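Welcome, and thanks for taking a look at this one. Below is a short briefing, arranged by topic, to read alongside the sequence and the structure.

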Amino acid sequence: MDPYLWLEEVESDTSLDWARERNADSAARLAGERFETIESEVLAILDSDERIPSVRRRGEWLWNYWIDGEHPYGLWRRTTLESYRTDSPEWDVVIDLDALREQDGENWVWGGAAVLRGESPDGAPWDRALVSRSRGGADATVVREFSISRREFLDPDAGGFALDEAKSRISWIDADSVYVGTDFGPGSLTDSGYPRVVKRWHRGTPLSEAVTVYEGAESDVSVGAVYDDTPGYERHFVGRSTDFYNHEEYLLDPGSGALELIDVPTDAEADVHHDLLLVSPKSPWQLPSGTVDPGALVAFDFDAYRAGGRTFTTIFAPDAHTSLQGYAWTKSYLLLATLHDVRSELRTLDPKDWSEVTTAGLPPLAEIGVAGTDPRESDEVFLSASSFTLPPSLLYGEAGGTVEPLKSTPAMYDADGVVAEQFFATSADGTQIPYFVVRKPANGPQPTLLYGYGGFEISLTPGYFAGAGRTWIERGGVYVRANIRGGGEYGPTWHTSALKENRMRCYEDFSAVARDLVERGITTRDQLGAMGGSNGGLLMGVMYTMYPELFGAIVCQVPLLDMKRFHLLLAGASWMAEYGDPDDPEQWKYISEYSPYQNLPDDAAGYRPALLVTTSTRDDRVHPGHARKFIAALRERGIDVNYYENIEGGHGGAADNKQAAFMAALAYEFLWKELS
């Protein structure tokens, strides 16, 4: 019997009193002049008005959500492209969330807004939005319909769409109807806590009378429905995620309710665009006309495919060094984002014959990403460009034409003399594991921070990390990013090679990078720290329990740690496709080999690196009980550890910039204290 199950009671007085006592102890330990300096440095970066305001086009307007020192919870605002081009755009503030928090007496955190394309019931274009707000930064949100022209939330009793707090999915069909999945009552959610039922809801009717269009199984992750209103290609889709990596997509006939399965592999990414079906499978896909390799991208004529045709064109073929990271449409082109040995490349393709065309103006040696396109109306494209040492810039222009700098960020840290290098470590099975080292070279080993994630096909790519630059690299620290298996840096096989029974590979990879850093003389064991959050927090837990001899200090953030119960807590059931099912004895056998909570040291004897674990009470994705129980068990064994639980913040760990700066200062001050 787990003696610390009481710490899974998220907001009980006993649990919160325990957390606050740990918080006070850790904050007192780490308080001091350097902590305050780091906190102020990070807050200045986060609040800087010299950051590039990212925008998203909706009709004639460019929309932005902006947080700074005067508006710690943010402004939802808009401007025109003409004004945005200037050094000081004129912003039209639509929602001031700080004012709304005060007015409502709620700790609202912005959750996004879906703006209705076309005319609203008021007769104005792009005038209605479904606005989501969470309490304290949780995944669960409250949704209310908002009139942009009238600057007011619409009364549900007068026909405004409104959803109570839940992990909802809602999207526009037209001005008077939406698709909605939410907590409709008992049995309406999956085991993971997401919608199991999706309904069509018409304005002016109670939610209880919304018409069911699809029901999934309780064991599914979630279901949802969307409407594609592209002129000439209007279609309704229903999606069902049977687990984290397998998905079924259907065409829905809204009149009859009939569903037509789009018969592609369930592990594939599929996208219907105009008359094309694009498919990228994660495992080999055998077709009469040939085999599609994992990570490739192929195109079909959609209507021919529905009729049974399987002739395809290969748009992208991966190789040992190159993988597809994503793509985006403009009106005339397809933009392909790829990685070659974890360095980004961007290609522009003409779908008429899939030939490559040139988009001029891309800066050399920069990491390029697609920040926004307008596929319905034009070939307009916003691109981001940065590197470890190059501050972000925003490029604007046309795909297939020319892009040029539109906005740039000044240097947020002193990168003079800083170099970024790529090395490869050899893992236990001989696989070469790439990692990036960013530093000001010095004679002899330096304090080093090794960051990792290694899961869910998420790639850790180069980028400008102002906070780490200011608080770590500027002070003489070395910053390292490890591209271990479980991520997506080399496509689906890089991810699937570390799933379930092969999970130990990502831990072997990370430990190999740690050893390689010492062998190269970049650092020493006592000067080497590691950091990771969420799945990366699990990685840190494994490093602490299985590889303690490699590190001087470990920062473990919003972690999974009790892998015996992860599937029973909040969204945990959705991750069994990644880790396995602990209730299956055969699967628990390999999970139990690394689960940190089940592999705790017996006592304080022997070497252990210094440890800081942080989490959030309002994290409704990864349960704070993981971190709480781990710390409580270590303390009972007489092991000295640090713990801090932010009472707000959700899975991001912080609800505003001030909280984020405080949490960053905790981590960096802890590392400097232990490693320098």
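Let's start at one serine: Ser-168 touches Leu-163, Gly-181, Thr-182 and Pro-195, leaving aside residues up to four places away in sequence. Please keep in mind that this is a predicted model. From that serine, the briefing moves on to a salt bridge, some hairpins, the domains and the record's annotations.

**Around Ser-168**

- Ser-168 sits in the loop that runs between strand E9 (162-166) and strand E10 (169-174).
- One of the residues it touches, Thr-182, is also a polar partner: the side chains of Ser-168 and Thr-182 make a polar contact at 2.7 Å.
- Val-142 is 26 residues from Ser-168 along the chain, and the C-alpha atoms of the two are separated by 8.5 Å.

**Salt bridges**

- How many salt bridges does a search of the whole structure find? The count is 43.
- Glu-106 and Arg-135 form a salt bridge, with their closest N and O atoms 3.0 Å apart.
- This pair links distant parts of the chain, its two residues being 29 residues apart. Glu-106 lies in the loop between helix H4 (97-104) and strand E5 (108-115), while Arg-135 belongs to strand E6 (residues 128-135).

**Strand pairs and hairpins**

- Strand E25 (residues 334-340) and strand E26 (residues 343-350) run antiparallel and are joined by seven bridges. Within this pair, Leu-336 stands opposite Arg-347 in E26.
- The hairpin of E25 and E26 has two residues between the strands, and Asp-341 takes a positive phi near 50° there.
- E26 also has a partner in strand E27 (residues 355-357): the two run antiparallel, with three bridges between them. Here Leu-349 has Glu-356 in E27 as its bridge partner.
- Which residue takes a positive phi in the hairpin of E26 and E27? It is Trp-354, with a value near 60°, and this hairpin has four residues between its strands.
- Strand E28 (residues 367-373) pairs with strand E29 (residues 380-386) in the antiparallel sense, over six bridges. Val-370 stands opposite Leu-383 in E29, and the two strands form a hairpin with six residues between them.
- As background for reading these strands, side chains in a regular strand alternate between the two faces of the sheet.

- The domain assignment gives domain 1 (5-44 + 412-675) and domain 2 (318-410). Domain 1 contributes 22 residues to the contact, and domain 2 contributes 18 residues.
- Taken over C-alpha atoms, the centres of domain 1 and domain 2 are 32 Å apart.
- Between them, domain 1 and domain 2 bury about 1,600 Å², and 66% of that area is on carbon and sulfur atoms.
- For polar pairing across the interface of domain 1 and domain 2, the rule finds eight residue pairs in polar contact, both residues at pLDDT 80 or more. The count of salt bridges between domain 1 and domain 2 is zero.
- On the side of domain 1 that touches domain 2, the elements giving two or more residues are strand E32 (419-426) and strand E33 (432-439). E33 gives the most, with three residues.

- An unreviewed UniProt entry carries the annotation "domain: Peptidase S9A N-terminal" for residues 2-396. In the model, the end C-alpha atoms of residues 2-396 lie 56 Å apart, and the span is 13% helix and 42% strand.
- The annotation "domain: Peptidase S9 prolyl oligopeptidase catalytic", also from an unreviewed UniProt entry, covers residues 472-675. The end C-alpha atoms of residues 472-675 lie 12 Å apart, with 38% helix and 14% strand in the span.

Conventions:
Residues are numbered from 1 along each chain as its sequence is written. This is a predicted model: local features need pLDDT of at least 70, side-chain atom pairs count only at pLDDT 80 or more; totals for chains, interfaces and linings use all residues. Side-chain values use heavy atoms; hydrogens and water are left out. UniProt positions are given in the numbering used here, feature names are shortened, and annotations may be inferred rather than shown by experiment. Contact means heavy atoms within 4.5 Å. A polar contact is a pair of N or O atoms within 3.5 Å; within protein, one must be able to donate a hydrogen and the other to accept it, and residues adjacent in sequence count only if both atoms are side-chain atoms. Two strands pair if DSSP finds at least two bridges between them. Domain bounds come from an automatic or database domain assignment. Buried area is the accessible area (1.4 Å probe) that two parts lose on being put together, summed over both. A salt bridge is a side-chain nitrogen of Lys or Arg within 4 Å of a carboxyl oxygen of Asp or Glu.
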